[in-house]
Amino acid sequence: MSETEMDRLFHALSASTRRDILRRTMTKEITVSELAREYDMSFSAVQKHISVLEEAQLIVKRAAGRERLVRADPQRIAQARVLLAQYEDLWRARVDRLDALLAESVEPTTP
């Protein structure tokens with residue numbers, strides 16, 4: 001995943017409304033109108049949130065007549081999970097190294 005794609009991914013996941021839209025679309029395809037009714041914001045604002053998720057490739061939008069349907073993309077979510085796991089491993093290793101350094105600094109030295 002490129003740096004730009006990672007930026008889009010983390011930006012998309014940074015807003016609670018977008019995370020909720022993602023959650024709602026993981027189990028079924030939902031119309032944009034249905035989603036918009038669930039939030040205390042304008043239809044246009046919900047569409048903007050959907051656009052951010054779509055740019056991050058976390059959801060797929062398709063036309064069905066006059067309606068637009070959205071659903072989460074499980075493959076992209078799996079990619080995001082792998083990326084986050086890599087960051088978790090990186091930070092755990094850094095904390096482990098820091099713990100080891102701190103443990104060394106408190107050990108008594110023998111003359």
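Leaving aside its neighbours within four places in sequence, with which residues is Thr 25 in contact? The structure is a predicted model, in which local features need pLDDT of at least 70 and side-chain atom pairs count only at pLDDT 80 or more, while totals for chains, interfaces and linings use all residues. Residues are numbered from 1 along each chain as its sequence is written, and side-chain values use heavy atoms, with hydrogens and water left out.

Thr 25 is found in the loop between helix H2 (16-24) and strand E1 (30-31). Helices (H or I, at least four residues) and strands (E, at least two) are DSSP runs, numbered from the N terminus. Contact is taken as heavy atoms within 4.5 Å. Apart from neighbours within four places in sequence, the contacts of Thr 25 are Ile 30, Leu 35, Ile 59, Val 70, Arg 71 and Ala 72. Thr 25 counts as buried because its relative accessibility is 1%; the classes are buried (under 20% relative accessible area), exposed (over 50%) and partly exposed (in between), with a 1.4 Å probe and protein chains only.

Strands E2 (residues 59-64) and E3 (residues 67-72) pair in the antiparallel sense over 6 bridges. Two strands are said to pair if DSSP finds at least two bridges between them. Val 60 stands opposite Arg 71 in E3, and Lys 61 stands opposite Val 70 in E3. E2 and E3 form a hairpin with 2 residues between them, and Gly 65 in the turn has a positive phi of about 70 degrees. E3 is also joined to E1 by 2 bridges, and these two strands run antiparallel. Thr 31 has Leu 69 in E3 as its bridge partner.

In helix H1 (residues 3-13), the residues Met 6, Leu 9 and Ala 12 are buried. Seen down the axis of H1, the buried residues fall within an arc of 130 degrees, so they line one face of the helix. The arc is that of the directions from the helix axis to the C-beta atoms. Glu 3 and Asp 7 are exposed residues on the face of H1 turned away from its buried side.

Phe 10, Leu 84, Tyr 87, Leu 90 and Trp 91 make a nonpolar surface patch of about 470 Å². Patches consist of residues with over 30% relative accessible area and no salt bridge, with like charges joined within 9 Å and nonpolar side chains (Val, Leu, Ile, Met, Phe, Trp, Tyr) within 5 Å. A salt bridge is a side-chain nitrogen of Lys or Arg within 4 Å of a carboxyl oxygen of Asp or Glu. Helix H5 (residues 74-106) gives the most to the nonpolar patch, with 4 residues.

Conventions: Areas by Shrake-Rupley, 256 points an atom, 1.4 Å probe, with all protein chains shown as cover.
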